[in-house]
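Here is a short report on one protein model. Keep the sequence and the picture side by side as you read.

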Amino acid sequence: MTDDRERWALILGASSGMGEATAIALAKAGYRICGIHLDFRAGLAHVAEIVAAIEAAGSEALFINMNAADDEKRADAIGRLRERFAASEKAGRHPYVRVVMHSLAFGSLPWGPCF
């Protein structure tokens, strides 16, 4: 039986290091990537390069620049991912988050059950 669902990875800390490497590797393996990151102006050019690498792999990227410790921003990020899922479902696809990776550089966060 073939799994034809649309696989997504939610990567916290997707703009550098292990988060970046994992985002690109999973995109090459067919995952769509939701990357959460906190970058200032100087780092945004690199984020654009990561998004371009994901898209060059034939995947889709939703990168959200935010402070992941902020409750309201987390709720907004989940809402944006849900909007992507709704668009996919409208197109007849079946999206789901298969991978969640915490690779933030600063501390642990309350990203518990949110879907």
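D71 counts as exposed, at 53% relative accessibility. The cut-offs are these: buried means under 20% relative accessible area, exposed means over 50%, and partly exposed lies in between (1.4 Å probe, protein chains only). R74 is buried, with a relative accessible area of 12%. Both D71 and R74 lie in helix 3, three residues apart, about one turn of the helix. Helices (H or I, at least four residues) and strands (E, at least two) are DSSP runs, numbered from the N terminus.

The side chains of D71 and R74 meet in a salt bridge, at 2.4 Å from N to O. A salt bridge here is a side-chain nitrogen of Lys or Arg within 4 Å of a carboxyl oxygen of Asp or Glu. Side chains of opposite charge can pair when their charged atoms come close.

## How the model is read

This is a predicted model, where local features need pLDDT of at least 70, side-chain atom pairs count only at pLDDT 80 or more, and totals for chains, interfaces and linings use all residues. Residues are numbered from 1 along each chain as its sequence is written, and side-chain values use heavy atoms, with hydrogens and water left out.

Two strands pair if DSSP finds at least two bridges between them.

Strand 1 (residues 6-12) and strand 4 run parallel and are joined by seven bridges. W8 has its bridge partner in strand 4, namely V97. Strand 2 and strand 3 also pair in the parallel sense, over five bridges. Strand 3 is mostly covered, as four of its five residues are buried.

## Helices across the strands

Contact means heavy atoms within 4.5 Å.

## I33, a buried strand residue

I33 sits in strand 2. I33 is buried, with a relative accessible area of 0%. I33 and I11 are 22 residues apart along the chain, yet their C-alpha atoms are separated by 7.3 Å.

Which residues touch I33, leaving aside its neighbours within four places in sequence? The contacts include W8, A9 and I11. Among them are also A23, L26, A27 and I54. S59, E60, A61, L62 and F63 are in contact with I33 too.

## E6 and its two partners

The structure holds five salt bridges. In one of these, E6 pairs with R32, the closest N and O atoms being 3.4 Å apart. E6 lies in strand 1 and R32 in strand 2, so this pair ties together parts that are 26 residues apart in sequence. R32 is partly exposed, at 22% relative accessibility.

E6 also forms a salt bridge with R93, at 2.5 Å from N to O. That pair links distant parts of the chain, 87 residues apart: R93 is in the loop between helix 3 (71-90) and strand 4, and E6 is in strand 1. Is E6 buried or exposed? E6 is buried, with a relative accessible area of 3%. R93 is partly exposed, at 34%.

## D39, buried without a salt bridge

D39 is found in the loop between strand 2 (32-37) and helix 2 (41-56). D39 is buried but has no salt bridge. The nearest side chain of opposite charge, R41, is 12 Å away. For charge, Lys and Arg count as positive and Asp and Glu as negative, while His and the chain ends are not counted.

What does the side chain of D39 make a polar contact with? One partner is the side chain of S15, at 2.8 Å. Another is the side chain of H37, at 2.7 Å. A polar contact is a pair of N or O atoms within 3.5 Å; within protein, one must be able to donate a hydrogen and the other to accept it, and residues adjacent in sequence count only if both atoms are side-chain atoms.
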